[in-house]
Structures are given as C-alpha cells and as structure tokens.
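The exercises below are to be worked with the sequence and the coordinates open. Each task is followed by a solution in steps.

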Amino acid sequence: IAFAADFPPVSELPVQAELPNPLVMLDGSQIRTKQQWEEARRPELQSLFQHYMYGYLPAATSVKATLTASNTDLFGGKASWKSLALHYGPDGTPPLGLLLIIPNTQKGIPPVFVGINFCGNHTVLTDPKVPLTRSWYRGSCPGCENETATDKGRGGQLDVWNAEMIIDRGYALATFYYGDVDPDKNTNDFMDGVHPHFFKDGQTEPGKHDWGAVAAWAYGVHRVIDFLEMDQTVDTKRLALVGHSRLGKATLFAGALDERIRVVIPHQAGCGGTAPNRFNVGESVERINTSFPHWFNDTFPEFNKEVERLPFDQHCLAALCAPRAVLFSNAEDDQWADPNGQFNMLKAADPVYRFLGVDGLQEGVKPEMGKLIDSRLGYFIRPGKHSMSTEDWKVFLDFADRHLK
Ligand code: GCU
C-alpha cells in the first residue's frame, strides 16, 4: 500500500453518509499493519486534510529569536518570564512575539503548556514590561483601540490563562498572540499576516489548496516548538498545546501534524475542529465557510452542500494524534460546538488507538457534567458557556499530569 498525493476533484469523491473508516485508504485498501498506518495512511490523511480543508502548510523554516524583555521576579519570586521576537519564514514575514513564563523553584526543567492566545501576551500578565503586540488587534479584546493593542488591556485575561496556577502546578507556559501570525479578518485575509510572504515567485493570490488562517496559526505553533527545542529552558518531551474555539481548531490540526505535541487540548473547538462535518448539528460547514471564509482553503467551500463527499471527518484528525493524548473539553451551553458530536468523534477515533496497541477512550458513554474522562482520548463537559476559565485549566492540568508526569 502506498500513498499517492494526486487527489480527485471534489465532484469525483464518493458520497459517504457514514463516517469514513480511518483505517481504510482512499483507494479502498484496508490498513493491516502499524507500518501501513505510519507510512501510508497517516501521511495520506495529513495530506487529505490539507488538500480539501485547511490548505497545505509550507515546509518548516528556520527560527531565530531576539530577546525583547524579561523579569526574574514574577508572582513574588515564584517565576520568571522572558519575551522574544521569533523571526521565521521568508524575509519580511512578521515576527511572532512569544511570552515564556517559567517556574523558579522547580528542580530540573519543567514540562510546558504552549497556548495560542486571542488578546496578546500583555493580557496574560499585569507586568507593564511585557511588550504590546503591534499586529492587527482583535476588537473584542481589552483595551483595543482602532485595531491596536493599548496598555489598558494589560492583565485583562488573567482568568483565561491562569499563569500563576500553571506555575504552582510545576509547568511553564509559552504563549503567543494569534494575530502575530495571521490577522483574523474576514476580508482579503490571504493577503495579510504570513500568507503573502510565502507566495511562490510571481504568485499574487492564494491557490485553491493554499493554507488558510487556521493552518497559519498551527504553523506558528510549530515554529514556537522549534524555538523551545533550541532554547532548552523547558522540557519539550513533555509538551501540551491548548487553544480555545477557533484556536482549538488550530490546536487539533497542529497536533495532528506534529508528534512533538504530546498532549493536545482543543477546547470547545467545534465545527472545523473537534465536531463532525456531517450530520448537521450546531454550526455547519456551509455556515462556517460563509461567516469565516478565511479560516480554511478555497476548496473546502465546495463541500458546503456536499459534506458527505468529504473523504474524512474530524475523528480522523484525532486519530492522527494517536497514540498521544487528546482532550476534547466542552461546555453545556455551547451547543454550537456540538459537544455530543465531539464525543462521537472520539469514539470513532478510538479504533486507531486500539489498532496501535494502546487504550483510546475508556468510556463508551458521555460522562456526567464536571467529570473528566482522562484516558488518552479524553473528554470533559462542564455547565456554563463558551469560554476558557480557571475551572477548565484545573482539568487541563489534571489531564496533563496524567499523561506527562
Ligand atoms: C464562532 C464560530 C466558531 C468558533 C468561535 C470562536 O462562534 O462560529 O466556529 O469556534 O466563533 O472562535 O470563538
């Protein structure tokens, strides 16, 4: 069994009303050995997701870091932070601002959470020395004025990121602002952020299979991990990735492509991430492509009225993380993200974990509210709304303890 990267046009893909089998190749061959999974089906699925949905990521480029600020006295001396500008990509690619917060008291180098943030690194701590992002700034973020970050927003997301609690639990936190990689604007999005810098010679607009915003944010995660591997102040063999909502979509996609991410936590990611494309519950493929045309590639909308032609569903993205740990976490009031459908995605990814000889999802039924299923395929749902909170972080930390310690 081999994997050929010449995929058919959408109109020639077979209609599959049920979930495609992650252990069957596009040409119908059954995967029978781990080697076939590793060498044929895994790369095929990774390419299928890029080809039809997220767009192809460019090859990794080297990363150079410059220190922009630092402080060794955070949280009463319990932690230090440093801020870096990461330069990557072709000349002119905007730098990514990374904030790395490290426990001072820990013996040995700490495990790390990488987190993609919505509102800038300066909202994660109150310290006035944390640099403000100079990129397009999200309107709903604290202190936003004319799409620009201001000092008024400092510390505005303490309860979203809970850095002190993360430190107290023995982890480092490495976080970056998603807009540094690609502004989240609905219009003309492929022409700003990283995208135009990666055009081929003579290219002036995106190709049909080029990367969208979700893929760009995932690429940013990969470059941050490249840096952490060089920097060696955190233990990159014990690395978890967290993102909320659209950044949860980027989290799962990043985890599916990069085995360095040992624990993958897409929080309330929903459609285009952790929820099925089929079955039309909550947000639909057509709806997401209409509201957010820049998140995926220009081929994905061809499935708007024909989701059953998709040669995968989102369970295959979870399966690509096997045998690593993945947690789908949810909130009861967030039915838009289809928490039930997400549980079914884990169930449908489970056979791949078993095939690889490890446990996947330990329970066949959705757990009661507030109870974490902490098997390699993990699930959590709490009461309340679409948000990321201290309560969620306690669960992320418990899950990471289970799988990284
Ligand atoms: C919208 C969108 C979701 C997305 C969410 C978010 O609700 O429909 O797909 O996850 O925004 O990113 O907050």
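A crossing of two helices is left-handed if the near helix is turned anticlockwise from the far one by less than a right angle, and right-handed if clockwise. The model used here is predicted.

**Exercise 1. Two helix pairs**

Task: Describe how helix α4 packs against helix α5, giving the angle, the axis distance and the hand of the crossing. Then do the angle, distance and hand for α1 and α5.

Solution. 

Step 1. Two packed helices are described by the angle between their axes and the distance between those axes.

Step 2. Angles under 35 degrees count as roughly parallel, over 145 as roughly antiparallel and 65 to 115 as roughly perpendicular, with the rest oblique. α4 and α5 are therefore oblique to each other.

Step 3. On the α4 side the contact is made by V214, A215, W217, A218, V221 and H222. On the α5 side the contact residues are R246, L247, K249, A250, F253, A254 and L257.

Step 4. For the second pair, helix α1 (residues 34-54) and α5 have axes that come within 10 Å and cross at roughly 145°. This crossing is left-handed. Residues R42, Q46, F49, Q50 and Y54 of α1 meet F253, A256 and L257 of α5.

**Exercise 2. The sheet**

Task: In what order do the nine strands of the open sheet lie, and which strands stand at the edges?

Solution. 

Step 1. The order is β1-β2-β3-β5-β4-β6-β7-β8-β9, and the pairing is mixed.

Step 2. β1 (64-74) and β9 each have a single partner strand, so one side of each is left without a neighbour in the sheet. On average, neighbouring strands are turned by 15° against each other, direction ignored.

Step 3. Take the antiparallel pairs. β1 and β2 (residues 79-87) are joined over eight bridges, and L67 has L84 in β2 as its bridge partner. Helix α4 packs on the sheet, where it touches β1, β2, β3 (96-103), β4 (112-117), β5 (172-177) and β6 (239-244). The direction of α4 makes about 50° with that of β3.

Step 4. β2 and β3 also run antiparallel, with eight bridges between them; here A85 stands opposite G97. β3 and β5 pair in the antiparallel sense over four bridges, and the partner of L100 in β5 is A174.

Step 5. Take the parallel pairs. β7 (residues 263-267) and β8 pair over three bridges, with S329 of β8 as the bridge partner of H267. β8 and β9 (residues 377-382) pair over six bridges, and N330 has I381 in β9 as its bridge partner. From β8 the chain crosses through helix α8 (residues 339-355) to β9 in a right-handed β-α-β crossover.

**Exercise 3. Two residues classified**

Task: Assign H87 and G378 to an accessibility class and list the contacts of H87 and of G378.

Solution. 

Step 1. Buried means under 20% relative accessible area and exposed means over 50%, with partly exposed in between.

Step 2. H87 lies in β2. Its relative accessible area is 37%, so H87 is partly exposed.

Step 3. Leaving out residues up to four places away in sequence, H87 touches S62, V63, K64, T66 and P95. H87 and F328 are 241 residues apart in sequence, and their C-alpha atoms are 32 Å apart.

Step 4. G378 is found in β9. Its relative accessibility is 0%, so G378 counts as buried.

Step 5. With the same exclusion of residues up to four places away, G378 touches V326, L327, F328, L346, I373 and F399. E363 is 15 residues from G378 along the chain, at a C-alpha separation of 9.4 Å.

Technical notes. Residues are numbered from 1 along each chain as its sequence is written. This is a predicted model: local features need pLDDT of at least 70, side-chain atom pairs count only at pLDDT 80 or more; totals for chains, interfaces and linings use all residues. Side-chain values use heavy atoms; hydrogens and water are left out. Two strands pair if DSSP finds at least two bridges between them. A crossover is right-handed if, with the strands pointing away from the viewer, the path from the first strand over the helix to the second runs clockwise. Axes are lines fitted to C-alpha atoms, for helices over the stretch in contact, and angles run from 0 to 180 degrees between N-to-C directions. Contact means heavy atoms within 4.5 Å. Buried means under 20% relative accessible area, exposed over 50%, partly exposed in between (1.4 Å probe, protein chains only).
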